[in-house]
Structures are given as structure tokens and as C-alpha cells.
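Student: I am new to this structure and would like a close look at one part of it, the pairing of aromatic rings. Please start there and then connect that part to what lies around it.

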Amino acid sequence: MEADWDEVARIFLPGPGPQDRALPTPATTLAFDPSQELLWAGNEYGRVSSFYGAELQKYTSFKAHPSSEGHVKQLLFAPKGIISISTRSIHLSSRRGLAQWHVADENFKDLRCISFTAKGSSEILVAGCQDTMFRVDVEKGVIVETLPAEDHYTLMKKGGQYICAATSTGAVHILDPNTFKLVRNWNAHQSWIHDMDAKSDYVVTCGYSPRPHTAHGYSLDSFAKVFDLKTLVQLAPIPFQSGAAFVRMHPRMSTTSIVMSQAGSLQIVDLMNPHTSDVRQVYPYDSYFTAFELAPSGDAFALSDGHAGIHLWGSPAKMQFTEYSNPTEFPDTPLPVPSVDWQPDTPLSTVGIPYYRETLLSAWPSHMVFEVGAPLPKVDPAILANLKRAPEVGFYGPNPRKTRRNQVENTRSSDRQENSLVAPKFLSEKARDPQLQSGDRRMSDALESFGDMLLDGSTKAEVPVMYRNVEIKYSKFGVDDFDFKFYNKTKFSGLETHIANSYANPLLQVFKFTPMLRNLALRHAATSCLFENCLLCEMGFLFDMLEKADGQNCQATNFLKTFSGLSNALSFGLIEEHAPNSALTTMIQNFNRFILEKIVTEYRQMSPQASHLEQAVSTRAVAHMRCAHCNTHSTKPGTVLVHEMMYHQYEQYLRFQSKKPPARAMTFSQILKASVERKEKQRGFCNMCNTYREIHSEKTVQTVPAVLLINAALHSPEAKQLWSTPNWLPSEIGIITDKGSFFCYEGEDLKFHLQRGSFNTVVYELVGFVADINSGENQKPHLVGMINVAPSSLDPQVENQWHLFNDFLVRVTSKEEALRFDPSWKLPSVLAYQVKSASHTIDDSWKENLDPSLLYRRWTTPQDEDPSTFRLLNSTTEAPRPGTPFAIDAEFVALQREEIEIKADGTRETIRPPRLGLARVSVLRGSGPDQGLPFIDDYIAINEPVVDYLTAYSGISPGDLNRDTSKHALVSLKVAYKKLWLLLNLGVIFVGHGLPKDFRTINIHVPKAQVVDTVDLFYIPARQRKLSLRFLAWILLNEEIQMEEHDSVEDAHTALKLWRKYEEFMDAGVLEQILLDVYAKGFKVGYKAPGARVEKGMGPSGGRETPDLEGGDGRGPTTPARKALGFGARGGFGGSPRR
């Protein structure tokens, strides 16, 4: 509490009946709204009222419970509104007073308290002075489960990882929020607990004890009791001679507690040093206080007294209930009706019709609008032309019978939203439809006709098509059958969305197109770093894949898997599964801060002396702190990786001065300067005063980074409106640092300083930003990237090539469209600026500095290896070089089963495909004297649960991938992946069967020039059937493989032989005839090799399995004698079909 704190407002809580005759009623409970500037109160008649702002203007008032149920016991806030509880019912209303649901049950006898459970704000636990508790679903308003109660509970608070429940006998029960079992029983007071609060790792209570000499036999304890929820032990109590009646933990200082008596004596105490305190006095005006509540910001508190009064205390200069409040809805002020000079000859056109740019309140919500009836189906013109006349009937014609019996045409399909994103046909459907192959237009082509549709004056219901949610559809062939090219015809690759935590996709794209971050990430990935959880390596692998893909869709599987496995990512609330109610814009800003700290640390691990990455992204500054009480000054040097935008100056100007926007709004440069220097007043501990005081802080900037990353931090409506100013975000800014001062310029000011040349002005260019898109009422918010790809181009003449990256939808857009914002649906989250001098600097020297030592590293002891079945490469004679062939095959296990939805008509739709994990990868020499000999045969350790080992298809058995039980020398996924990545960038040729699916699951992109796939070598497109490896081995090599289980070494070796056989056929000029014979014989035997099994379940695609054989002699075609070349006759890669 600061020196200027005083009573800001005092009102009386209205009672029942008409307002002009209603007598005030005491408040039975108080609560500050955590998201809006509202104070809520309940009375003894079941009515809930709210008051707005520092003046406590009446906002809403509604009857939540019947008067017969008595007092409103407690208030709790959920995203949908406010939850209140009385003895026999629970009620949820919106903040505007509209009832959402009301739960009353015969088992409700004497309810007293509620608390959120481990599921967050989607579920509450309700208890009272009765033997049962209840789990209630907040979304549906239904009782999920009835639970036995350990005791009768009067108060309940959620603190740390537990629920703290006060019993009617003075004890506190520490409950598990998942099982609701008793973890610890703490006897706090001898009679009952009057007030309790829990925050972070502490719970503090005030209560009564027997006092025979008092009028009622009980009195308030002179101590507030403290309990540590982390160690589950009692701490030293807080002495309070006046009798501790109320207690609240400070919302921003985790160890600070405020204790108060009924007479108004108030004490601020540090729990770590309870004997030193700051004592204040609040006067109750000839009454006593009945309730005490502290605002979430810590800048205000509210009191209720016995005379039905509500007092608001705080600093008049900085009164604010929440630190970042959402706008509160108010009814629109009716505009005065204009006077019209009406005459009999006045034209009606003078009466204006209003134009609305936003959805009207009178409009029905989309989920309540239903289509009734349908337009008549259009008659085929060919039928109309051939109608015959019938006497007294009219005209008749033949029935075309385009539908089945009792089936009608959906005539509304043509009138569907023309501006919605409709999924394209699957590739397999297009392959069967020649009209689609020739006449189907790409979506991006079709959208050219309305490229800027709805971009001007768009409302939330009219979000441009390209910004809307995109979704992957799955056929029976999986995700490979989805036409990603339908959404992207640029040379820049998008990222898929079906992976957990893919909300990070836009920011990863921004990093990729920031040349300095791209160069440093790839340079680090090329080192010998083998840290399993290194996100900087994974970022380098991802950037390399996006560049090699050249417009094909990619997925950040390995990066996001590594990120999801980090424990501190979970604790920071960055995992979507564990933060379902978190706003995406908040998550991406926290992710930005987290990822930068992580990669800076990882870069330093490999090069302790090098600080290139830290210098590239961090601002060096010195923080100056001064105590407002004793004027003690201290400094603290440090670095800042991400700057949070601060709009306090602009908001205060609007709030406390004119209440209107200034004639000239503050520029982006002015806001950025205030955000970097961060002149703040905040509560902090002063070593000289030995207590908490107001601390004034400011930063002086020493150096600025090459890459300036900024979190937009938009929380207030004033700030959001500022961003909607046309051309407010500059594409270039100039920064000057001089003797600790920080100056930022844009536009004409920047040109002036550049021409003047008095200071060293560093010019930054906007590379891109992540935008938060709110597509509408029934659409999930999502994030997109708006990126200027010009700075990452090798051509220095290229400028302003802005692209929209909406996950796997990529589209060219204009600079004006990219930098246009709308508070209703498009707002920035993260901005990235880079020094302009670093543009077009693409460093690919890492390719010449690859460290291939991993390929020659031994993971087992020499005596465990059989040289005839496995031998490492010789770094001198067998070093991989461009064009060197290597055979490869991989095996996978299922880590997650597919999710399937069965519709009402019985059709099945795949919601999420199965998730596979790499279990084994084998790479064999493709040429030379040791052709066919493996040098990589890695089994990968998997730490997450395996739902299916797919043993029949993978050859992997339970226990093979467990470090404790496996008979193999297991390696990490990082090691196995990096070996393949090194071979890829050394330019080798990969030979295998059905490789695209393997590479996709491994999460690596291999250019077509470096792939020889035997599926395509022995394929006739007109037949629309690809042949399995086993069938090709039987019919071409006279070999039987995969008799029991798959073996990746055997499969890779077989593919290598097939490739050599293909070369023989090519050299002999008989390939076309051989293929015709293979397909002819395959047709006779059903394309099945002898002994092939038919197994149901999750098997690999790409033609690796074939059904049972029904005939055939098993003899394959032989090579004609005119070119009798045996297998392996070619020593090198000279016989490649890509020569």
C-alpha cells in the first residue's frame, strides 16, 4: 500500500424491491472480477450485483438464487461468466446478467463453497456442511460425480497443486485436485475458520478459539496461521493483537499477506519475516467490517460493513482492478433523432438508411439459424428440349435417374458460402476422374478472381477466405491422399496442422525467413551437437527441410515432439493439451520468449566462447532502480531477448485527460521507445528500508541486437484500436543508442536523421509477424504468419514480397493488406525486425563444414559386431560423396492410434491419423566390393508409450526399444536422424522401396534427384497399381522375402537388387516389355507372392504387403542374353536411371 491510498468510493448495496424504496442489505460476499473492471457482491436474498470502475457505478444486478435459500455464499469466475452458490443451488450467469444454467439437486443440503479442480475452469468442486461433495461440469451445467466428503467444509480455495478446504471444526484439509482424497490434515484453529486464502505455495487462515470470559464464549485468534503447501508443514504464525478476521495473499508478491481485523486495523506482512509489518487503519464509520477482498492487480481492495456499505480503497492516481482488463460491454448511447423538414413533396430518398459495419445485436447467432426448406432442383436443359406434350397433363420427359430411390438432391450446395475454404477432392479421387485431372483448377487460381474480396471493411463474420482455418481431411489412404498443392502454388513450403502444438508454426516460419536466425540455426545443426533435447538443432533441421521442399508441404514433427517433451515448457503453460483455455496469442508470445532463451543457451553449450546468437537477438541494458521512500539507488546489468510493448502512456492519456483519442496518435516508434526503456513504478523490496516499498525503475540501453523481436502484448481496447490506425506499423525503423539513451524513428523523421548523419542510425526492416485471427463466433481462433520473403532472397534487387502463411496455405499478398489490422479479427502477436544490412545474406557455408564424424562413430563394442553382416564406413576410402548410392529402409511402431468419427449415416471419417515413430533404420552400401553390407542399423530408444509394435510389419518386438531390456545398442532419435541428415547433405543417392512415406514419417525431405524408388521404377501409370516389394522380389529376382517378419536390412538389400535389375533391363532395351509381362502375370495371380499373408490392422502403405498367392509357378522373367550383365556388374553409379 502506498502513501496516497485512501477511500475512493463508498456505496450501499441495494436490497430487494423497487430501487426507490429498497433498503440496503449487507453484502454476504465480495469478489473482484479477474478479467474486467468489475466488483461483484452477493446479498442475503440470493441477488448478485456488480459495480464498474473506481466510481462503483452499478453495472448489473440479477436474482441468482431463490430468497428462501438465503445468503449468496461464494462467487467464482469462469470464462463464460460468474458462478454463485447458495445453500441449495449453483448458478452461472454471463457478466451481463443472462442466466447460462442453474443447478438445484435434492442432494444439496447446505452448500457453502466451490473451487476449480485440476481441469481448470471447465470443472468445479462443490462442498458444504454435508457428507457429500459434487463435481460439476461448467460448460454443460451438470453434476458429473457425487463424492464422499471427509468432513463438513465451509471455505475452499485452490492454491498451488492442491485444494485447501476449511472444516467446520477449525482444521484445513489439503485435497488432491484430481482424486479429491485427503493429502494432509492441518489443525489451524480450535473452533472454526473465519477466513482463508491460498496463493502459490502458501495458505493463511484466521479463526476463532474458545474464550470463556467473552460474551459468546469465542473470540478471534490473535494469530493468523500459515501453512506451506510445498513442504506440507506449518510455518511461523503472523501475530495480530487486534484479532485476525480477514486475510488475503497479495496477487503479485507471493510471500506477502494482508491481515485485517473487524475494526479496520490492517497489517501487511512478509510470510518469511512475520514479525516486521506495515500497519494501517481503515475506519468503519461506527460499524464493523464483514468482508475484505483484494483486487487481482493489488492496487485496490474492497470492504463491506455491517451497515450494508461497500468501501473501495486504493490510490486515486492508479486505480485499476486488473492488470490487463478486457473491455466491459455497455449499452450504446442512443443518438438524437435528426429533424427532417418534411413537406408533402419531400422525396422519400431523403430518409437515410443506416449502414452497419459490425454484426447487429438483433442478429441471431449463427448456431441458432437453421435452413428450412430448399430451392427446387434445376431441370437439365437437355430434358427441357425434349419434352413431349400430353393432353390435360402438360409436358413430360424421361427420368434421368441421377439419384437413388428416396434420395433427394441438396439444392443448397450451390448456394453455400462461396467464400469459405472447402477441402479439395482427394488425390485418389482425382486419379480416377479424368475430368478432374484435366479441368480441375487449383484453389489459388480460383481465388484470383476474388483475391481481395472482403478485405475492405471486413467484420468478424466476413473474415477474408485466406485467413480462415484450414483443416486436413483424411481418406482411407491417410494424409498422403490430401491435395496440399490445392492450397499452395508458391515456392515456399507451408507446415501441416495435425501435430500437437502446431500453433508454433507461424513463428517458426518467421524465424526461418529471418536470415540471421536461419544462418545460425543451420550452422549449429552442422556441428557435432548430440544433445537429445536441442531445439536449435531441430530448428536447423526444419529450416533445411523447408528450403529443400521448394513449395511442398512439410511438418515440424521432430521439433514439436522435442519441444513437447521439455518439462519447463509444460510448467510455462506452452503445451496445448494442458492449457486448453489459454489464448493462443498469449501462448505464442510466451513461446517466443521461451524458445529464444533455450536456443541461446544451446548455442553456448557447443561454443562457450562464441556468443553470436546471443549478440544477434539480445539487447544489453542496465536497469536503474530507486526506492521512492529512502531514495536508495541500485543498478543491475542484464540482457533482454524479447521486448514487451507497453501502452501505459497512451492509455493514461485517454483515461485521465481528454477521454478522446489525441489529435495525433502516438507512433509505433514512440511506443517502442517507452517499451525498451520501461519506466515503471512497482512494488519491490528495499534492502535499506528492509521492507516492501514503491520502486521506480528505468533501463539504459547499451547495445541493440541485429534481430529485434517484439511481443505486441495487446490487452486493452485502447491499444487494439491504436493498431487499427492505417499504416501505423512501419516497415522500417531507425534506432540510435547514445550514452545509454535509446531513440527510435520512422517515416520522415528516419529520413531526416539518415540525411543528417550526425549519429550512427541502425536501420531495421520488418521481416514478418505472427497475427492472431479470430474468424468468427463458431470458429476457433488461430495464428497466421505475415512474412516479407524478400530479405531472405539471394537477389538484392527483390523488395516487399509479402506472403501469408496460414499453416499449409501459402499465398502472395500485398504489403498494404499484410500491414492492415482490425481489432475485431486480426491483431499482431509477435513482430520480427532485422537490421537492413543483413538482408539477402544467406550463408550456406555450413554445407562445406559438415562434421561427418557421427557416421564413423561406433555405438557397440567391436566384439559384438560381425564384419560379414555389419561394418562401419571407412572414413578414408568410403566417405560419402555426391552421387554415391546407398540403400535404405526403415521400420516404425505406432505411438498413437487413429481417431475415427462414425457419422449418423454410418460412414467413417478420420479425425486424426495414427502417429508412427521411427523404430529402426538401416542403410547399406550401394556400390563397391562391399555392396549390400550395412553400415547403419540403428534401433531407436522410445521413451513414450507404444500402442502397437506392428511386429508383423516392422519386425520390432516389445522390449526391443527399451533401454533396460533391449538386446540392441539403442540410439536416440536425434542420433539416427542426424546420420540421415548428414548423408542427405553430403549429396548421396537413397535407394529403396516406397521411400516417400518413410521420409515423411522420419520428418526429412529428400529431393527427387537424390531418390531412386523401386516402386516408381517398376510402375505403369495407366494401370494405377503399384507393386509390392515382395511381389517384385519373387517375380524379378526369384527370391522370397518377408516370410515371417519384416527386416529393414533385407528390404533395403532387395530394393538395391531390384534397382540393379532395372539397370540391366534398361541397358538391354527391354524394360517396357518386362513391365507388361510383370503386370500380366501379376494380374493372373492377384499381384501376390507365394506365402504372402493377409493381415488386418495398421500396416505400412506403399505396396510393401501383398495378399496370398493363388497359383503361379513362381518363376520370374530373365534378362535377355544380348546384354548378359550380372547383378552388381557396375561398380559405381554410372548405371543410374537419372544419368
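This is a predicted model: local features need pLDDT of at least 70, side-chain atom pairs count only at pLDDT 80 or more; totals for chains, interfaces and linings use all residues.

Tutor: The structure holds 42 aromatic pairs. A pair of aromatic rings is described by the distance of the centres and the angle of the planes.

Take Phe-492 and Phe-513, whose rings are 5.5 Å apart from centre to centre, with 75° between the planes, an edge-to-face pair. Phe-492 lies in the loop between helix H4 (443–446) and helix H5 (505–512), while Phe-513 lies in the loop between H5 and H6. The two are 21 residues apart, and their pair links distant parts of the chain. Phe-492 has a relative accessible area of 13%, so Phe-492 counts as buried. The value for Phe-513 is 2%, and Phe-513 is therefore buried.

Another edge-to-face pair is made by Phe-1018 and Tyr-1062, with 5.8 Å between the centres and 85° between the planes. Phe-1018 sits in the loop between helix H20 (1014–1017) and helix H21 (1029–1036), and Tyr-1062 sits in helix H22 (residues 1048–1068), so the pair ties together parts that are 44 residues apart in sequence. Phe-1018 is buried because its relative accessible area is 1%. Tyr-1062, at 9%, is buried as well.

Rings can also be linked into a group. Phe-668, Trp-723, Trp-728, Phe-769, Trp-802, Phe-821 and Tyr-833 are joined by ring pairs into a cluster. One member of this cluster, Phe-769, can be followed in detail. Phe-769 belongs to strand S41 (residues 762–773). Its relative accessible area is 0%, so Phe-769 is buried. What does Phe-769 touch, leaving aside its neighbours within four places in sequence? The contacts include the cluster members Trp-802 and Phe-821. Also in contact with Phe-769 are Val-510, Leu-729, Val-784, Gly-785, Met-786, Ala-818, Leu-819, Val-830 and Leu-831. For Leu-831, the separation from Phe-769 is 62 residues in sequence, yet 4.3 Å in space, C-alpha to C-alpha.

Charged side chains give another set of links. Side chains of opposite charge can pair when their charged atoms come close. Over the whole structure, a search finds 33 salt bridges. In one of them, Arg-211 is joined to Asp-221, with 3.6 Å between the closest N and O atoms. Arg-211 is in the loop between strand S19 (202–210) and strand S20 (218–220), and Asp-221 is in the loop between S20 and strand S21 (223–228), ten residues apart. Arg-211 is partly exposed, because its relative accessibility is 26%. Asp-221 has a value of 6% and is therefore buried.

Arg-523 and Asp-843 also meet in a salt bridge, at 3.2 Å from N to O. Here the partners are 320 residues apart: Arg-523 is in helix H6 (residues 515–525), and Asp-843 is in the loop between strand S45 (826–835) and strand S46 (885–896). With a relative accessible area of 34%, Arg-523 is partly exposed. Asp-843 is also partly exposed, at 22%.

A further salt bridge, 2.5 Å from N to O, joins Lys-548 and Asp-544. These residues are four places apart in helix H7 (residues 535–549), so about one helical turn separates them. Both Lys-548 and Asp-544 are buried.

In an unreviewed UniProt entry, the annotation "binding site" covers Asp-889, Glu-891, Asp-998 and Asp-1051. These positions are spread over 163 residues of sequence but cluster in space, the largest C-alpha distance being 12.8 Å. Asp-889 is buried because its relative accessible area is 3%. Glu-891, at 2%, is likewise buried.

Leu-348 is in the loop between strand S30 (309–314) and helix H1 (381–385). At 65% relative accessibility, Leu-348 is therefore exposed.

Key:
Residues are numbered from 1 along each chain as its sequence is written. Side-chain values use heavy atoms; hydrogens and water are left out. Buried means under 20% relative accessible area, exposed over 50%, partly exposed in between (1.4 Å probe, protein chains only). Contact means heavy atoms within 4.5 Å. A salt bridge is a side-chain nitrogen of Lys or Arg within 4 Å of a carboxyl oxygen of Asp or Glu. UniProt positions are given in the numbering used here, feature names are shortened, and annotations may be inferred rather than shown by experiment. Rings of Phe, Tyr and Trp (its six-membered ring) pair if their centres lie within 6.5 Å; planes under 30 degrees apart count as stacked, over 60 as edge-to-face and the rest as tilted.
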